[in-house]
Amino acid sequence: PTAWYAPYVSWAAAGGVVTGVSEAVFDGGGAVTREQLAAILFRYAVQQGLDAVTLEDNLRAFPDADAIADYAIPALNWCVGGGLLAARTDGALCPGEPATRAEAAAALWGYLNR
């Protein structure tokens with residue numbers, strides 16, 4: 001509660017945008033994975049009124065699609081389908097790997113300029 005980012009986390013948690021890594025831990029100093037980034041963007045878009053989500057499978061083409069956590073599948077479908085996240089240079093989605101600052105910035109820019 002004393003962290004500089006506490007009010008922002010509280011706002012995001014109250015709106016369902018972030019859930020933390022458990023019911024009691026947010027892990028503000030931890031790396032954000034690519035699937036967590038997708039989930040945060042997707043939840044924010046829903047909070048902002050997104051009501052048309054295509055549920056087509058945009059993930060099957062990735063060789064590591066089976067590594068995606070169940071909670072992140074709709075979010076990654078949406079992010080990949082909307083061009084907010086793409087495969088890395090090896091063609092894999094790498095859902096559990098940390099998102100780079102560049103990937104996060106590109107995803108945010110893509111969302112804001114849709």
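This is a predicted model: local features need pLDDT of at least 70, side-chain atom pairs count only at pLDDT 80 or more; totals for chains, interfaces and linings use all residues.
Let's start with Ala65, which is partly exposed, with a relative accessible area of 25%. That figure falls in this class because buried means under 20% and exposed over 50%.

**Around Ala65**
- Ala65 sits in the loop between H2 and H3.
- Its C-alpha atom is separated by 8.2 Å from that of Pro95, although the two residues are 30 residues apart along the chain.

**The nonpolar core**
- The largest nonpolar core has 20 residues, and those with the most contacts inside it are Leu41, Leu59, Leu76, Trp78, Cys79 and Leu93.
- Two or more residues each come from helix H2 (34–47), helix H3 (73–81) and helix H4 (101–112).
- H2 gives the most to this core, with six residues.
- Leu76 touches Arg34, Glu35, Ala38, Leu59, Ile68, Gly81, Leu85, Leu93 and Pro95, leaving aside residues up to four places away in sequence.

**How H2 meets H3**
- The axes of H2 and H3 come within 8 Å and cross at roughly 85°.
- H2 is therefore roughly perpendicular to H3, since angles of 65 to 115 degrees count that way.
- On the H2 side, the contact is made by Arg34, Glu35, Ala38, Ala39, Leu41, Phe42 and Ala45.
- H3 contributes Pro74, Ala75, Leu76, Trp78 and Cys79 to the contact.
- By class, the residues of this contact of H2 with H3 divide into ten nonpolar, two charged and no polar.

Conventions. Residues are numbered from 1 along each chain as its sequence is written. Side-chain values use heavy atoms; hydrogens and water are left out. A nonpolar core is a set of buried Ala, Val, Leu, Ile, Met, Phe, Trp, Tyr and Cys residues joined through side-chain atoms within 4.5 Å. Buried means under 20% relative accessible area, exposed over 50%, partly exposed in between (1.4 Å probe, protein chains only). Helices (H or I, at least four residues) and strands (E, at least two) are DSSP runs, numbered from the N terminus. Contact means heavy atoms within 4.5 Å. Axes are lines fitted to C-alpha atoms, for helices over the stretch in contact, and angles run from 0 to 180 degrees between N-to-C directions. Angles under 35 degrees count as roughly parallel, over 145 as roughly antiparallel, 65 to 115 as roughly perpendicular and the rest as oblique. Ala, Val, Leu, Ile, Met, Phe, Trp, Tyr, Cys and Pro count as nonpolar, Asp, Glu, Lys and Arg as charged, and the others, Gly among them, as polar.
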